[in-house]
Amino acid sequence: MNQISPVQADTASRATQPDLRRVDCDPDFWYPVAWSADLRKDKTLAVSYAGTPIVLVRPEEGSVFALYDRCPHRQVPLSKGTVNGQTVRCCYHGWAFGRSGRCIDVPYLGKGKLPNGVRTFPVREAGGLIFVFPGNPEKADTVPFPKLAQTDNPRYKTKHFSPRVNCHYTFMHENLMDMNHQFLHRRQMGQIKARFLGQDRGENFIEARYSFMRCAGQQPLAERLIFGKHKDLQGREQPVEEVVTIRTEYPYQTLRITDKDGDLIMDLWTAYVPVDKEQRVTQSFGLLSILRPQTPLLIDLIWPALGWFTNRIFLEDKEIVELEQAAWNEVGHDRNVEIFPVVVGLRELLARCGIPHGTTRPDTAPATPATQPATA
Ligand code: FES
Ligand SMILES: [Fe+2]
C-alpha cells in the first residue's frame, strides 16, 4: 500500500479544511464581557469583542446599556466620559449619547442638526455577568440565552473566574474537551487516567463522557473533599464512580460531574470571548457551581483550597495553550495531527459554526439619520 508522507498529508488536509485558527467566532450569540460587580452605578466600563470597542454604561436608574466605544466626533473612547441620567457624555467636547445610541446634545451646536449617533449592542445581565450581543441585533431576541451553571440554585455555591489567555478560542475548547491530557496535571492530581465512555453529536454540539482511574499517587485533598474519598484498590482498575461530561454547545462549553447516584456535584460553564481582531487573545469567563455538602459551612471551609487547586491546574493549561498558539504563529498555519475522534469532531463543529476570518460586520453603524430629533 502506498503511504503518504506527513508533508503530503499536512498539505492535503490544509487544502480541504479551513485552518481552524483562522475561523472567527460567530458574533451572533450572547457573549459575557464583564462581571456585573465591576460596573458601578453612574459609571462606564470599556470592554471589547474581537477588536470592537464597547462601552458598558450603568445609569443610576434602569438597566445597563452598551454603545460602540468611540465618539463619532474624534474617535475618543466614550468610556472616558461621564454618565448623566440615561446618557453618556464624551470627555472631550461634551457630546452626549442616549441609550439608543443617538447623539442628543452637542453643547456648542446652537440650532444646527445633531450629528449621527453610535452603534448600540443588546445587553443582558445574568449569573453575575454582563452579556452583549455583538452580531446582528435583530437576532438577539431569538438566539437562545445560555444556562449558566447552577447560579440560580441555592444548593450550589458558585465560583467566578475570568482569566485572559493569549491564544485563539479554539485551543480552549480543544484543551478542555480532550481529557487525555491528564498527564500534564500529574503534579497536581497525581497519576490519573481518563477512560472514554462515549460521545454524542448534533448540529451545534459535541459531548464526550469520561470516568477517571487513579493509577498511582494520592487523591488530592480538594478533590477528596468534594467527591468523597475514593476507594483505594491498590492499583486495580477503579470502578466508575463519577462521570465527567464535557460539552461544547456552540459557542459555550460545559463540564458536568455526576456521582454514582446520578446527582450533579459539579457544573462548570465557560465562554471564550475573542478580545482582538485577530482573535489570538481570549477573555474567558467561568462559573463553577459545586453542590454544597450536607455539613453546613464545610463548603466555605474548603472554598479557598478549591480555588487554589483549580487555579494551579488552570495555570498549567494556560501555559500549554499559549505554547500551541506560539507554535501556530511560528509556522503560520495549523499543523496538528489529531487522532482522537472527539477532538476531530469538535474541530469540525468549531469550523462549521464559526465564520471566515475578517468577515465580522462593520464596527460602526449610525444609529439614526443626521436629521434626527433631539431626544434620547
Ligand atoms: S471627541 Fe467626543 S465630543 Fe469631541
Ligand atoms: Fe487541563
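Tutor: Let us begin with a definition: a crossing is right-handed if the near helix is turned clockwise from the far one by less than a right angle, and left-handed if anticlockwise. The model before us is predicted. In it, the crossing of α2 and α6 is right-handed.

Student: Why are α2 and α6 called roughly antiparallel?

Tutor: Helix α2 (residues 169–177) and helix α6 (residues 341–353) pack at an angle of about 155 degrees, and their axes lie 10 Å apart. Angles over 145 degrees count as roughly antiparallel; α2 and α6 are therefore roughly antiparallel to each other.

Student: Which residues of α2 and α6 meet?

Tutor: From α2 come T170, H173, E174 and M177, which meet V342, V343, L346 and L350 of α6. By class, this contact of α2 with α6 has 5 nonpolar, 2 polar and 1 charged residues.

Student: What makes β6 and β9 edge strands?

Tutor: The open sheet of 4 strands has the order β6-β7-β8-β9, with antiparallel pairing. Each of β6 (82–84) and β9 (103–105) has a single partner strand, so one side of each is left without a neighbour in the sheet. Neighbouring strands of this sheet are turned by 35 degrees against each other on average, direction ignored.

Conventions. Residues numbered from 1 in each chain as written. Chains lettered and ligands numbered in written order. Predicted model: local features only at pLDDT ≥ 70, side-chain atom pairs only at ≥ 80, totals over all residues. Pairing = 2+ DSSP bridges. Helix = DSSP H or I, 4+ residues; strand = E, 2+ residues; numbered from the N terminus. Axes fitted to C-alpha atoms, helices over the stretch in contact; angles between N-to-C directions. Parallel < 35°, antiparallel > 145°, perpendicular 65-115°, else oblique. Contact = placed C-beta atoms within 7 Å. Nonpolar A, V, L, I, M, F, W, Y, C, P; charged D, E, K, R; others polar.
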